[in-house]
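These are my notebook entries on one protein chain.

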Amino acid sequence: MVTSEEREFDDLLLMLKETRGFDFTGYKRSTLQRRIARRLEALKLETTGEYRDYLELEPGEFAILFDSLLINVTAFFRDPQAWRVLRHRAVRAVLAAKGGGRPIRAWSAGCATGEEAYSLAIALAEELGLDEFRERVKIYGTDLDERALQAARTAVYDERKVADMPPGLRNKYFEPAGAGFGFRRDLRRQLIFGRNDLTKDAPISRVDLLLARNTLMYFNAETQQNIVRKFHFALADPGYLFLGTAEMLLDHSDKFEPVDLRMRLFRKIPQPVGGTRIGWNAPAAQPEENTRLARLRGAALASGPVAQITLDAAGRLALLNTRAEVMFGLQARDVGSPFQDLEVSYRPVELRSLVEQAELDLRTVELHDVTWQRPGAKEPGVFDVAVVPLMDRTGELVGVTINFHDVTRYRRLRDELEQANKELEHAYEELQSLNEELETTNEELETTNEELQSTNEELETMNEELQSGNDELQQINETLDVRTRELDRAGQFVASVVRSLGDVVVVVDRDLRVLLWSPGAEELWGLRADEADGRDLPSLDILPLDPLLPVARRVLDGAPAADGQGDAVSVEALNRRGRPVRLAVTLAALHEDDASVKGLILVMSRGE
């Protein structure tokens, strides 16, 4: 009985098919359920019906869902040993068979973001050389995921993607592109990427190399068989099929033979042509022997293990065995009837076109997995049909024989075995995918640890630099303290000297700007030192400067007094109360360290 959850799951698949064009009915149901369950868990949803409603409200979730369903796990030269086997035993064999500059075609089915296709391009370019590669090679990459295909067309990969590639190949085939590496533009034109649904779209034909690594394992058994038939049709002769380590061709030994089974490299087996011919030197049979041989052939045909029908060159029923009589309800009176008038010509399968094709091509035409519900049978049977043209010694077509092989039991057992193997292989792939995710997480953690370690080292270095700066500032502060104390002592000494020189002391520079204003000057004129510092002496209007200027100029020039009386001048001034006062002004030179005159020292004493 179908549960409500299964109905909701089927409704979800139908929605994806109708609204987005993705038909997942050929995929393994258990895999789809497991991947969708992850999205339910991530979104905190309970049922598939709730998730379907969520998709209608949040269209952006479709892209996340497809990324989850279409597991794009790939890498450059994934499984390097398998790639070495492909190059040595398949690529070189194709090149040897395709001499004379003939074109080489390859197909990467399920190419994801393109690493597999570009790896094949590098392998072919290494064998052919760059010039021949550009002239002869065409590589087709197909996938269902448009976002992955767009990344493949861009062909720019980050450093982590190309890290495991040999440096020589990376430098030769990739060039810096922003923060990553881009595949060479002059070689990229040989690769074409497009969308292809392996379950329903026609395959790319006449390819020499077909890569479908870890692609088949996502499909159910029936879909896998259909895809393998397409792969066989797509391959040229000789053609090579390269599968993933988790995939096998358990029931396709008639289509592919292993080149290296452990590395999953297979070669196409061409379809057989024509029937059995009798050699020119076969002895002629005597009349008596002919009778015995005819009876022997008749008995052997009648008791054959498979249903067999033989037609003559005119298309009439000529021979049939007992199993064919029972299976198709034929009788002896039907011998000689036109085949097209018999029911067996179109049931269980249309045989008339196959007979015409076998007669025209002179080769065996096979049809596999023909399902037929025989009258009275409880279950339908499965048959492999082979239409074989018959030719005489001269090579002339004399008839056609049709063999019906009942493979129902083997097909059932094979399907059960294949299903079990595929489930196991897919579990291995899931485990591998989880391991890769774990490895990626570990790499990210290691990178983060390295970045943290680098940051810690930088912080430690900065701390040491700050400590060194602090030590230097401490030394500077100590030096400044010493100099400040020395300056204070010098200031105190200068102040003491100034007080000892007389009542009033004023120091000016060569432009007569006040440099020092003693307490006696503050007392005499009522002007504080901070008000007088930096001002021109004439602007203070406290002294008559006319008698002083000639002496000041002479002192500044370093000339001796003309009268030998020295550099003293008596002047009349007004004190801070406006009362007249006579001052004896002595002018002395203010010298620099190099003995040059920097300014004047005016010492003023009150006269009587």
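**Entry 1: Helix α4**

I looked up the buried residues of helix α4 (residues 61–69) and found E61, F62, L65, F66, S68 and L69. They cover an arc of only 160° around the axis, so they lie on the same side of α4. The arc is that of the directions from the helix axis to the C-beta atoms. Buried means under 20% relative accessible area, exposed means over 50%, and partly exposed lies in between (1.4 Å probe, protein chains only). I noted the general rule that an α-helix has 3.6 residues a turn, so residues three or four places apart point the same way. The buried residues of α4 pack against α1 (4–20), α2 (29–43) and α3 (48–57). Helices (H or I, at least four residues) and strands (E, at least two) are DSSP runs, numbered from the N terminus.

**Entry 2: Basis of the model**

I recorded that this is a predicted model, in which local features need pLDDT of at least 70 and side-chain atom pairs count only at pLDDT 80 or more, while totals for chains, interfaces and linings use all residues. Residues are numbered from 1 along each chain as its sequence is written, and side-chain values use heavy atoms, with hydrogens and water left out.

**Entry 3: The whole chain**

I looked up the totals next. The secondary structure of the chain comes to 19 helices and 20 strands. Of the 608 residues in the chain, 40% are buried. Among contacts with a separation of 6 or more, 60% are between residues 24 or more positions apart; contact means heavy atoms within 4.5 Å. The chain exposes about 33900 Å², of which carbon and sulfur atoms supply 51%. Such areas come from the Shrake-Rupley method with a 1.4 Å probe; for residues, only the protein chains shown count as cover.

**Entry 4: Strand β14 and its partners**

Why is strand β14 largely enclosed by the rest of the structure? I found that 10 of its 11 residues (381–391) are buried. Strand β13 (residues 365–372) runs antiparallel to β14, and 6 bridges join the two. Two strands pair if DSSP finds at least two bridges between them. In this pairing, E366 has A386 in β14 as its bridge partner. Strand β15 (residues 397–406) is also antiparallel to β14, with 9 bridges, and P389 has V400 in β15 as its bridge partner. β14 and β15 form a hairpin with 5 residues between them, and G395 in the turn has a positive phi of about 85°.

**Entry 5: Strands β8, β9 and β10**

I then turned to strand β10 (residues 265–268), which pairs with strand β8 (residues 235–243) in the antiparallel sense over 3 bridges. Here F242 has L265 as its bridge partner. Strand β9 (residues 256–260) pairs with β10, also antiparallel, over 4 bridges, and F256 has K268 as its bridge partner. β9 and β10 form a hairpin with 4 residues between them; R264 in the turn has a positive phi of about 60°.

**Entry 6: Salt bridges**

How many salt bridges does the structure hold? I noted 29 salt bridges, each being a side-chain nitrogen of Lys or Arg within 4 Å of a carboxyl oxygen of Asp or Glu.

I looked up E56 and R52, whose closest N and O atoms are 3.3 Å apart. They are 4 residues apart in helix α3, so about one helical turn separates them. E56 is partly exposed at 48% relative accessible area, and R52 is partly exposed at 27%.

D208 forms a salt bridge with K98, again with the closest N and O atoms 3.3 Å apart. D208 lies in strand β7 (residues 207–212) and K98 in the loop between α5 (80–97) and β1 (104–109), so the pair ties together parts that are 110 residues apart in sequence. Are these two residues buried or exposed? D208 is buried at 1% relative accessible area, and K98 counts as buried at 15%.

D509 and R513 meet in a salt bridge of 3.4 Å, N to O. D509 counts as buried at 12% relative accessibility, whereas R513 counts as partly exposed at 35%. Finally, I recorded that R34, R35, R38 and E430 are linked in a network of salt bridges.
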